[in-house]
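Please open the model in a viewer and keep the selection tool ready. The stops below are meant to be taken in order.

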Amino acid sequence: MCGGAILNSRVILTAAHCLKSVFKKDERPSSLEVVAKTPKRLNKTPVTQVLTVSEVITHSEYSPKTNHNDIGILKLMEDIIFDNKWADKIAQPNKPPIAETSCTVLGWGKMYERGPMPNEVLYINVVIHKNSYCHLVFPDLSEKQICAGDAKHEQRDACMGDSGSPLICDDVVVGIVSFGHGCHQKHPTVYSDVFYYLDWIKENHGVTSYGSCSVIFFIFAMLSIFFL
């Protein structure tokens, strides 16, 4: 299972490694399902939508060795119905992320390393680190990657199952969870920097949405990707 951010009613932004690890060229996109509008992972509600994928797009220069260009798009056959309560799109950034900004990462990843997955979406506040610090921890990072964490509270971190989930600053998706060194360790998590992929996103689905949007609860910009 991976997470993703809703860019419009039929487009989901996620991590390339989520798609490359399970989706093969000879498979049909419809073998993937997207679940949206569910406050609890294991419980469907009358408003929960299970949507079929029509197209899978991963960055052509994605490298599983370095995790560079770890970004992908899912296109859906049906619309996610926005109701201003359980689902809404999230805006894309109009400027690069700023170091030392407090942001929020959320998802249905494991509660701790080798631990269970939660039934409810979890979120934590983290701080975007300076590039110089990120490169000390991860020397092979590119200019299109950022890292974030909380040095004072090492338990605040993304974990397995959070891949593809959004890093949100002021109601804008600035990062997509890519990788880290385990969960709740002394190292931050690495994210694909959404700002640097705006042209790629626009080229692959034609949507550019700058500025903030109304996101009452973070779950509105989240979904689960299940592989059948």
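**Ground rules**

This is a predicted model, in which local features need pLDDT of at least 70 and side-chain atom pairs count only at pLDDT 80 or more, while totals for chains, interfaces and linings use all residues. Residues are numbered from 1 along each chain as its sequence is written, and side-chain values use heavy atoms, with hydrogens and water left out.

**Stop 1: the whole chain**

Select everything and colour by secondary structure. The chain has three helices and 13 strands; these are DSSP runs numbered from the N terminus, with helices being H or I of at least four residues and strands being E of at least two.

Switch to a surface. Of the 228 residues in the chain, 51% are buried. Buried means under 20% relative accessible area, exposed means over 50%, and partly exposed is in between (1.4 Å probe, protein chains only).

Among the contacts in the chain with a separation of 6 or more, 71% are between residues 24 or more positions apart. A contact means heavy atoms within 4.5 Å.

**Stop 2: the barrel**

Select strands β7 to β12. Six strands close into a barrel in the order β7-β8-β9-β12-β11-β10, with antiparallel pairing; two strands pair if DSSP finds at least two bridges between them. From one strand to the next the twist averages 45°, where axes are lines fitted to C-alpha atoms (for helices over the stretch in contact) and angles run from 0 to 180 degrees between N-to-C directions.

Zoom in on V127, which stands opposite G149 in β9.

**Stop 3: the disulfides**

How many disulfides does a search of the whole structure find? There are three, counting pairs of cysteine sulfur atoms within 2.5 Å. A disulfide is a covalent bond between the sulfur atoms of two cysteines.

Start with C2 and C18, whose sulfur atoms are 2.1 Å apart. Their link is left-handed, with -95° about the S-S bond. C2 is in strand β1 (residues 2-3) and C18 in helix α1 (residues 16-20), so the pair links distant parts of the chain, 16 residues apart. Both C2 and C18 are buried.

Next, select C103 and C169, a disulfide with an S to S distance of 1.9 Å. This disulfide is right-handed because the torsion about the S-S bond is about 100°. C103 belongs to strand β7 (residues 102-107) and C169 to strand β10 (residues 166-169), 66 residues apart. Both C103 and C169 are buried.

Then select C134 and C147, with sulfur atoms 2.0 Å apart. The S-S bond of C134 and C147 has -90° about it, a left-handed link. C134 is in helix α2 and C147 in strand β9, 13 residues apart. C134 counts as buried because its relative accessibility is 2%, and C147 is buried at 0%.

**Stop 4: the aromatic pairs**

Show the rings of Phe, Tyr and Trp (its six-membered ring): they pair if their centres lie within 6.5 Å, and planes under 30 degrees apart count as stacked, over 60 as edge-to-face and the rest as tilted. The count comes to two aromatic pairs.

Select F138 and F179, an edge-to-face pair with 5.4 Å centre to centre and 85° between the planes. F138 lies in the loop between α2 (131-137) and β9, while F179 is in strand β11 (residues 172-179), so the pair ties together parts 41 residues apart in sequence. F138 is buried, at a relative accessible area of 5%, whereas F179 is partly exposed at 21%.

Move to F195 and Y196. This aromatic pair is edge-to-face as well, at 5.8 Å centre to centre and 85° between the planes. F195 is partly exposed, with a relative accessible area of 24%, and Y196 is partly exposed at 40%.

**Stop 5: Q49**

Finally, select Q49 in strand β5 (residues 49-58). Is Q49 buried or exposed? Q49 counts as buried, because its relative accessibility is 13%.
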